[in-house]
Amino acid sequence: MATSIQNISLSGKKKQVSNKEMTFWERLYLVAIIKGLLITIKHFFRKKATIHYPEQVREFSPVYRGKHTLKRDEQGRENCTACGLCALTCPAEAITMKAAERKKGEEHLYREEKYAEIYEINMLRCIFCGLCEEACPKDAIYLTISKELVPAQYDREDFIYGKDKLVMPLEVAMANTQKLN
Amino acid sequence: MDSALIIEKSIFIVVVFAVTMLMAMYSTWAERKVAAFLQDRVGPNRAGWGGLLQPLADGLKLFAKEEFEPNTPNKFLFFVGPGIAMATALITSAVIPWGDKLELFGRTIQLQATDIDVSILYVFGVVSVGVYGIMIGGWASNNKFSLMGAVRAASQMVSYEVAMGLSIIALLMMSGSLSLHDITVQQHGMNWNIWYQPVGFLIFLICAFAETNRTPFDLAECESELIGGYHTEYSSMKMGFYLFAEYANMFISSTLISVLYFGGYNYPGMDWVGTNWGTNAATLLGIGALFAKICFFIFFYMWVRWTIPRFRYDQLMNLGWKILIPLSIINIMITGVCILAFK
């Protein structure tokens, strides 16, 4: 028989609907219930899909945008020069900062002559779009390298992340430098 | 009546009460766990090992919640509703034989609060009073949805009680006694009633689902239509009482199914255990057997809940009046013929 267009099943799941009378056993409904019970009990012993979040973390994709990091260069100095382009480009207006001038003797801390004295991101406002990352001329802010989520908190104040939470820890910067050499 | 008997019975009643409460508490935990496992999840696992302290946390939460009262003219009835639901759920356990005799301190203790010779009638009486808890609560809430849930619950329970009673009659014709103790003793070893009354068991099981307002017959509190049914307006521990009563009812009905059709505390090889290890060991194993059966049926309640979708109201009434009642009458007739022919 020539296969008409109605009989083709690309997924292999197509089922012909029939309006035939149900048999006695089908009408009893009990067989169907037992079949259903067997299906559900199979799921009881199946491996669970849950990832136990705080203890177990799902692997991030290389481009996943999570918590921001303010980067240090290979000598451990902060890249950020507080130009404010990230704050300007931020569509959610989540970033604020206050610039300060680098004093003598602070050359090992800050790369440029101007640096961010205060740098705050309100994580409740942030939409993790990554525009700050794109706008940054100094290669300072990244959402992809921390590989962390912003965890839940009880107070709104706790979502305002300052430099203490954002700047890349020195140990990480040192490890990165060692990897380069 | 000597004072030792009174003390003995009091202690036993307190133990049964505590066990019922404990089972109801952990049924809530088991419900969530079973629901999760059947849906490929893991369920509560933060409070205690495997979430075992979850019921305590839930109870504490319910106690600490604000107690909201709707502006109802029936403040008293609003207050009484959950009480009735809870009380009726708890007093059914008085006539259930939890085990055989236990020999302690030179006394023979019958593990049954009271062995009245109309136990089944008593159970049915108490169960029908249970409707009042829901009805009064729904009525006094002064809320359309509550009232609708209450009316549904009442009509559902009344119509399924008929089929339930008729299915029990076939069993009573065989046992010749209304006492749950006698019925259990007659099912010695593996001589369980389920082998003789499979259809009666099926009817009783379906009716038990309807009586306890469990899915697929949970029309009284179906969330998708009635928000929460009769307990929509309840909060805090009053709400907790309703939920608790539901789980206590589930425990008691599982017990009744086990006692009536699955031999209660009887288990195969109980005579051998009795002669070789002593009466007490046999009795304790019997209690274990009864609780294993109860736990299975509680699990079955939850298993069915996540398998079968809710009935429509007309389907429910059709099933009750047009199928189960005629079926149970036919069952009675066949049982009568068989008794005449084989005894």
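How many of the 14 residues of α7(B) are buried? In this predicted model, the count is 11, and α7(B) is mostly covered. The close-up views below begin with this helix.

**View 1. Helix α7 of chain B and the helices around it.**
Helix α7(B) takes in residues 198-211 and reaches 20 Å from its first C-alpha to its last, close to the 20 Å expected at 1.5 Å a residue. Its buried residues are B:Gly200, B:Phe201, B:Ile203, B:Phe204, B:Leu205, B:Ile206, B:Cys207, B:Ala208, B:Phe209, B:Ala210 and B:Glu211. They pack against α4, α5, α9, α11 and α12 of chain B. B:Asn213, with a positive phi near 60°, follows α7(B).

**View 2. Helices α5 and α12 of chain B in contact.**
Helix α5 (residues 144-175) and helix α12 (residues 313-342), both of chain B, have axes that come within 8 Å and cross at roughly 10°. An angle under 35 degrees counts as roughly parallel, and α5(B) and α12(B) are therefore described as roughly parallel to each other. The contact between α5(B) and α12(B) involves 18 nonpolar residues, 9 polar residues and 1 charged residue.

**View 3. B:Ala150 in helix α5 of chain B.**
B:Ala150 has its place in helix α5 of chain B. With a relative accessibility of 1%, B:Ala150 counts as buried. Apart from neighbours within four places in sequence, the contacts of B:Ala150 are B:Ile134, B:Met135, B:Gly138 and B:Tyr230. The C-alpha atom of B:Ala150 is 17 Å from that of B:Asn249, a residue 99 places away along the chain.

**View 4. Helix α3 of chain B and its covering helices.**
The 17 residues of helix α3(B), residues 75-91, should span 24 Å at 1.5 Å a residue, and the end C-alpha atoms are 25 Å apart, in agreement with that value. Buried in α3(B) are B:Phe78, B:Val80, B:Gly81, B:Pro82, B:Ala85, B:Met86, B:Thr88, B:Ala89 and B:Leu90. The cover over these buried residues includes α1 (3-38), α4 (119-140) and α9 (236-261) of chain B.

In the unreviewed UniProt entry, the annotation "transmembrane region" covers several stretches of chain B, among them residues 76-99 and 282-303. Over residues 76-99 the chain is 67% helix and 0% strand, with end C-alpha atoms 40 Å apart. Residues 282-303 are 100% helix and 0% strand, and here the end C-alpha atoms are 31 Å apart.

**View 5. Helix α2 of chain A against helix α11 of chain B.**
Helix α2 (residues 30-44) of chain A packs with helix α11 (residues 279-305) of chain B at an angle of about 105°, and the two axes are 10 Å apart. This angle makes α2(A) roughly perpendicular to α11(B). On the α2(A) side the contact is made by A:Leu37, A:Thr40, A:Ile41 and A:Phe44, and on the α11(B) side by B:Phe299, B:Phe300, B:Trp303 and B:Val304. Sorted by class, these residues are 7 nonpolar and 1 polar, with no charged residues.

**View 6. Four annotated cysteines of chain A.**
A "binding site" annotation in the unreviewed UniProt entry covers A:Cys80, A:Cys83, A:Cys86 and A:Cys136. The four residues span 57 residues in sequence, but no two of their C-alpha atoms are more than 10.5 Å apart, so they gather at one spot. A:Cys86 belongs to helix α3 (residues 85-89) of chain A, whereas A:Cys136 is in the loop between α4 (131-135) and β4 (141-142). A:Cys86 has a relative accessible area of 8% and is buried. Beyond neighbours within four places in sequence, A:Cys86 is in contact with A:Ile95, A:Met97, A:Tyr119 and A:Cys132.

A:Phe128 is not a glycine, although its phi is positive at about 55°. A:Phe128 lies in the loop between β3 (114-122) and α4 of chain A and is partly exposed, with a relative accessible area of 24%. B:Ser236, also not a glycine, has a positive phi of about 55°. B:Ser236 lies in helix α9 of chain B and counts as buried at 6% relative accessibility.

How values were computed. Residues numbered from 1 in each chain as written. Chains lettered and ligands numbered in written order. Predicted model: local features only at pLDDT ≥ 70, side-chain atom pairs only at ≥ 80, totals over all residues. Heavy atoms only, no water. Axes fitted to C-alpha atoms, helices over the stretch in contact; angles between N-to-C directions. Helix = DSSP H or I, 4+ residues; strand = E, 2+ residues; numbered from the N terminus. Parallel < 35°, antiparallel > 145°, perpendicular 65-115°, else oblique. Contact = heavy atoms within 4.5 Å. Nonpolar A, V, L, I, M, F, W, Y, C, P; charged D, E, K, R; others polar. UniProt positions renumbered as here; feature names shortened; annotations may be inferred. Buried < 20%, exposed > 50% of the residue type's maximum accessible area, 1.4 Å probe, protein only. Expected span 1.5 Å × (residues − 1).
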